[in-house]
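Reader: I would like to learn how to read a helix and its salt bridges from a structure. Where do we begin?

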Amino acid sequence: MCLGIPGEIVEIPPDQTDLAKVDVSGVRRAVNIGLLDGQPLGPGDWVLIHVGFALSKIDEAEARAALEFLEGIGQAYEDELAALRDSSIGDSSIGDSSTER
């Protein structure tokens, strides 16, 4: 099963505006935001992520509802988080695998 998961933008480096550090349930990874070119994005904004790419900007209420649903389906969500932890896109300086909550 492939899922789109919500993540909150933590940082967009000024020298790599197509990448953002995004927090997904405590996992921080670099995500490509190039598909959302032209949309205003910044820290605190939420995006829907699939295979390392932000597909759309969503509001916080939609993000929270999606996270609750995903946590409720269990193993598929855990598998997606594991794939996110193991992924790496772009500069490792913004793509750490921090699991701080």
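Predicted model: local features only at pLDDT ≥ 70, side-chain atom pairs only at ≥ 80, totals over all residues.

Reader: Which residues of α2 are buried?

Author: The general idea comes from the geometry: an α-helix has 3.6 residues a turn, so residues three or four places apart point the same way. Here, the buried residues of α2 are Tyr77, Glu80, Leu81 and Leu84. They cover an arc of only 100° around the axis, which puts them on the same side of α2. Gln75 and Asp86, on the other side of α2, are exposed.

Reader: What do the buried residues of α2 pack against?

Author: They pack against the strands β1 (5-11), β2 (19-24), β3 (27-32) and β4 (46-50), and against α1 (60-73).

Reader: How many salt bridges are there?

Author: Side chains of opposite charge can pair when their charged atoms come close. The count in this model is 3 salt bridges. One of them joins arginine 64 to glutamate 60, with the closest N and O atoms 3.2 Å apart. Both residues lie in helix α1, 4 residues apart, about one turn of the helix.

Reader: Is aspartate 23 buried or exposed?

Author: Aspartate 23 counts as buried because its relative accessibility is 18%, and buried means under 20%. Its salt-bridge partner is arginine 28, which is partly exposed at 29%.

Note on methods
Residues numbered from 1 in each chain as written. Heavy atoms only, no water. Buried < 20%, exposed > 50% of the residue type's maximum accessible area, 1.4 Å probe, protein only. Helix = DSSP H or I, 4+ residues; strand = E, 2+ residues; numbered from the N terminus. Arc of directions from axis to C-beta. Contact = heavy atoms within 4.5 Å. Salt bridge = Lys/Arg side-chain N within 4 Å of Asp/Glu carboxyl O.
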